[in-house]
Amino acid sequence: MTEKPVINFGLEGIYVDESAISKVDGQNGKLWYRGYTIEDLSEHSNFEEVSYLLVYGKLPNKKEYEEFVKKMKERRELPKEVMDVIKAMAKDSHPMDVMRTAGSMLAMYDKDLNNKEKDATIDKVITLISKLASIAAVTGRFRKGMSYIPPDKSLGHSANFLYMLTGKKPTPTEEKLIDLMFILHAEHSTNASTFSVLVTASTLADIYAATTTGIGTLKGPLHGGADEAALKMMYAIGDPANTEKYIEEALEGKQRIMGFGHRVYKVYDPRAKIVRKYLEERMGQNPSEEVRKLLEIALKAEKLMIDKLGKTKGIWPNIDFFSGPLYRSLGIEGEMFTPIFVASRMSGWGAHVVEYWNNNKLFRPLEWYTGPLDVPYIPIDKR
Ligand code: ACO
């Protein structure tokens, strides 16, 4: 080909696959997991059931659900070497770097590593969903020099995560909120991290390699890392009265406001609407001064951004914007937000790998070369 083709930078608007896992309607602000609305799932289901739905493609009956939950509970403990590495890294590294390294280590304990049969892959996904939450919780404790809290089989997945992280059994409201965040973060079609997981999986590398790729991709502030970055921005604003000045100066300086904008949603992200709703309810439950201030800043910033960029450029709050105040209301620090995203998104990543390996095709796009050709080679001492 000699004529330059149309290049869709960042693969914007390009379909790379077909999938029955989730649908994102960016024009109407809607999201479905396997056909079920995110509103219904976040209100009536729980993370274990949603994970089953994503991975198996249907809601479980009672027996299937109980077996699935039992497996997840049995796999929460981490190998000693993984715990040792987390301990060695946690104090001086970002929790996402610890997650990437410790998550990758799990491959060493899988005796059937390269088995890509559907049932074997699903089994590995269950292990990863279970253990990545433990890795996140243990990382959160060890980075603060706190002791290990063993998992508690009487607790559901998200409640156990919060218990292993904080050492306190959550109240029913706290359990609902952390589980809500796990559900909302579980899946979102071919976003950057899921795509990167599929690229690695498409080479027929193992699922731990694919997951490690996904964790690395999710770390970036344009993707999963935006939740931590949005909280940092709210802390930088400090006082709700500073919000307008901060946002205006940031926009004048061509800075991005973290937690706003989305490649697909050109309206309000439905997940952000749900987080906002629960956060407002939380305000009626005697929040700390910090959380109250954060929400006030967030609501002011939301209004300003919608007035300035929402209606003109389609830049609206995304899921990462209201996460900060909500997680802070559960006592979770900013550096732990993206690790929670990893632990939740494992269900979606896993479901996509299962689906993709059913009809695998190596990802290998093209790029248009813009450099010179046939350059004469000059030996190093003549340059
Ligand atoms: N703040 C200010 N301006 C923005 C923002 C933002 N958050 N997002 C986009 N814009 C502007 C860009 O500056 C650009 O303006 P221009 O046309 O005048 O140059 C225009 O909107 C289009 O932006 P692009 O980066 O080309 O759009 P893209 O679809 O690639 O961006 C992205 C999507 C990366 C998410 C972007 O909105 C962004 O950087 N947001 C902030 C980070 C963030 O919150 N990421 C989380 C996304 S949700 C998730 O991954 C879980």
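The model is predicted: local features need pLDDT of at least 70, side-chain atom pairs count only at pLDDT 80 or more, and totals for chains, interfaces and linings use all residues. Residues are numbered from 1 along each chain as its sequence is written, and side-chain values use heavy atoms, without hydrogens and water.

**Overall build**

The protein chain holds 16 helices and three strands. Both are DSSP runs numbered from the N terminus: helices are H or I with at least four residues, strands are E with at least two. The C-alpha atoms fill a box of roughly 70 × 55 × 50 Å along the principal axes.

Of the 383 residues, 51% count as buried. Buried means under 20% relative accessible area, exposed over 50%, and partly exposed in between (1.4 Å probe, protein chains only). Contacts here are heavy atoms within 4.5 Å. Among contacts with a separation of 6 or more, 76% join residues 24 or more positions apart.

**Helix 9**

Helix 9 spans residues 192-202 and is mostly covered. Nine of its eleven residues are buried. Among them are Phe 195, Val 197 and Leu 198. The cover over the buried residues includes helix 10 (207-218) and helix 16 (337-357).

Thr 194 is a residue of helix 9. Why does Thr 194 count as buried? Its relative accessibility is 0%. Leaving aside neighbours within four places in sequence, Thr 194 is in contact with Ser 189, Arg 345, Trp 349 and His 352.

**Positive phi**

Helix 9 is followed by Leu 204, with a positive phi near 70 degrees. Leu 204 lies in the loop between helix 9 and helix 10. Asp 374 sits in the segment after helix 16. Neither Leu 204 nor Asp 374 is a glycine. The table sets out their values.

| Residue | Phi | Relative accessible area |
|---|---|---|
| Leu 204 | about 70 degrees | 46%, partly exposed |
| Asp 374 | about 55 degrees | 78%, exposed |
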